[in-house]
Structure formats: structure tokens, C-alpha cells
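Hello,

Here is the structure we talked about. Please open it alongside this note, and read on for what turned up.

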Amino acid sequence: MKICFVVNGVDTETCGTTVHIMYEAFKRKHEVFMMGVGDFNFRHDEAISINSTYLSKKDEPKSPEEYLELLQGEKAKHTTIVAKDLDVLFIRNNPTEEGSSRQWAEQAGVAFGRMIQQEGVLVLNDAYALSNAFIDKLYFEELPSDIKPASLITRKKEDILDFFEKHKKKMVLKPLEGSGGRDVYLIDKNEKNLNQIIDNIIAQGYVIAQEFLPAVKDGDIRVLLMNGRVMEKDGTYGIIRRVSGEGEFRSNFSQGASADNSPLTDAMKKIVEITAPKLIRDGLFFVGLDIVKDKLIEINVLSPGGLDHFQDIGLPNFSDVIVESIEKKVEYKRLYGNKISNRELATMV
């Protein structure tokens, strides 16, 4: 299998979920390439090409960390490959992590992914599905209301203040486009800078006002789905509790949260059952659900993570489960050709 992973930038990539999956594929003797969103090349009447970074099969890194170190070091090899020669393009860049100087990079991965998908390459997640779900939080709002906290998306300050009053002067405010817990605020009746906070987020674009869930004090649960199902290996589920740091209500690892174990509850099962049909229909292969008690608070379709924290709490390495699923899809594509669409193949078990 010849697989290329799209990240924000090769030099800036850290050892998270993407690198863990890449390392597993490399160990299984696949041809594994990494590229940044700025590494696509298009010429009229020619196939799209990709400037990529890879390791020789002679290299033998002993861990994902060492694998990334070699990819970013002098031992790394560089080549330009024809995109349609790939078996798989795995789009893993996170547009919300791009700075204002790289606005061009936000949609490049998805845009080129659509073109490469048209050339017959298996693209994960489905590039057209990613286009429709480009703003995770807006895609989230398309889900049934009974599994979500009450929310409002607007740029009208008066409506936000009205939402605040209706929800007993306690709410969470965050930008529609963003990740990692940046510019996320818990607002209560004692907040003296409410107007300034609202103005600051409005200046960035649309604002989400969301009902505050008291259970968030116990952290949230990241449930990783693959092919519309909770990832499972040897009877263990791909679930991780993110526990907020002291004095912090946000449960993002980037904001200092720690990892803990969690069972798969009936409430989580219900949320997955309601969410999965839409994910499967849309061709979203690998997705993260963030759950507080019996409510889904966020969905991650662009670059879901958490695998790198699994070993911290004694969970098995799920990277092999992911790579095995991709291997099956490549085999299905070899057998059926274009008789099965990319969108169907992306979530086929």
C-alpha cells in the first residue's frame, strides 16, 4: 500500500495521532509519505504531484517519537510523487491551527483532496464530506437536538445576551472556527468583561453560545469512531476521559488536561447510534466525539486525535486497528474498482 498523510507542515508536526498511525503503517512495510498542505503541485493537462517526505525501509525507528525525529532530520528522504499513483491520501491537517499568515492553507488539503479523489485515489476522510463538514462546530449543529446542549450561532450581540439571560446567566462562548480550547470562555453572572469577550469573539467571526453543563467539572469523554463504530480492540474501546486541570473548565489536552479511563456508557452508546448513520452516509471514516454525561458537545471530523495518550492510561495501541481497516478498503478498491464510490468505501467495514 502506498499512503500519503497530509499535515499542516512536515517540520511543525508533533508526535500525535497522525504520526502514530504513520508509524504503524511503516512497521507493516507499506510505503508511507508525509506532506504539508503547501506541497501539492498542479500543472495544466498533467496529473497532480506531491512533494513528499519519507524514510528508507532500511531505517528502523523503535517508536513513533523516533520515527518523527527521523522524518524531520537529515535521514529523511524527499521525492515528488504523482498523486494518482497513491493508494490512499489521508487528510489529517487541522485548518483551525493555521495562523493569519497562512489563510491559504486552511482549505488547500480538502480542495486538492477532491481533485485527487476524482483521479481514483482513495481519500480519507472523503474529501467532499470534509468540504461539507469543513467547520466542525457547524456540522455538529446538523445533528438531532436531543443529544446536544442548547446553543446559538450568531454574530448579533443582543441575541447572545438574550441567550445568557434565558440560561440563568451561565453559558460557554467560543468561536465557530477554532480548536484546542482557544478563546473558549465560561461566562456567569459575575463576569465583568462580558461585553468585551463577546466583542472579541465576534471580531473573529461567528460565535457559539452553548448551554453550560455542570457535569463538565468531571471532564469530557473523547470517543473515537471508525466506520461509524466505536473503535474496539480485544474487548477494549477507544475511549479516553479528558480531565481538566485545576481551576480550568476546558478539557483540551492542549490546555493542560490529563487523561483517564472511562467505560462506554448507555448514554454514549445512544449518542453514537444517533450520530453514526450521518457519519457513514457522509463518508467520514475517522471521527472524534466529545461527550459530557449524556450530551454531545463537539464533533471532530478534520483531525481527531487522542491516540498518543492511550498508553498513559493503559489502553492498547489502536493504530494497528486503523491501518488494518485502511488495508481492507484498498483491497476492496482493487477488487471492485470504481463500482464503489469513495464515500461508500470510506466507511465500509
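**Contacts of Leu152**

Setting aside neighbours within four places in sequence, Leu152 touches Asp159, Ile160, Phe163, Val207, Ile208 and Ala209. Keep in mind that this is a predicted model. Leu152 sits in strand β8, residues 151-154. Gln210 is 58 residues away from Leu152 in sequence. In space, the two are 6.5 Å apart, C-alpha to C-alpha.

**Second largest pocket**

The volume of the second largest pocket is about 240 Å³. Its lining consists of Met226, Asn227, Arg229, Val230, Met231, Glu232, Val321, Glu324, Ser325, Lys328 and Val349. Which elements each supply at least two of the lining residues? They are β13 (229-230) and α9 (319-336). Helix α9 gives the largest share, four residues. By class, the lining of this pocket has five nonpolar, two polar and four charged residues.

**Cysteines**

How many disulfides are there? The count is zero. Take Cys4: the closest cysteine sulfur is in Cys15, 18 Å from that of Cys4, so the pair is too far apart for a bond. The cut-off for a disulfide is 2.5 Å between the sulfur atoms. Cys15 is likewise in no disulfide, as its nearest cysteine sulfur is that of Cys4, 18 Å away.

Is Cys4 buried or exposed? Cys4 counts as buried, because its relative accessibility is 0%. Cys15 has 21% relative accessibility, so Cys15 counts as partly exposed. The cut-off for buried is under 20%.

Best wishes

Note on methods: Residues are numbered from 1 along each chain as its sequence is written. This is a predicted model: local features need pLDDT of at least 70, side-chain atom pairs count only at pLDDT 80 or more; totals for chains, interfaces and linings use all residues. Side-chain values use heavy atoms; hydrogens and water are left out. On a 1 Å grid over the protein atoms alone, a cavity is a set of points where a 1.4 Å probe fits but cannot get out, and a pocket is an open set with protein on both sides within 12 Å along at least five of seven lines; lining residues have an atom within 4 Å of a point. Grid points are joined across faces, edges and corners, and a volume is the space filled by probe spheres set on the points. Ala, Val, Leu, Ile, Met, Phe, Trp, Tyr, Cys and Pro count as nonpolar, Asp, Glu, Lys and Arg as charged, and the others, Gly among them, as polar. Contact means heavy atoms within 4.5 Å. Buried means under 20% relative accessible area, exposed over 50%, partly exposed in between (1.4 Å probe, protein chains only).
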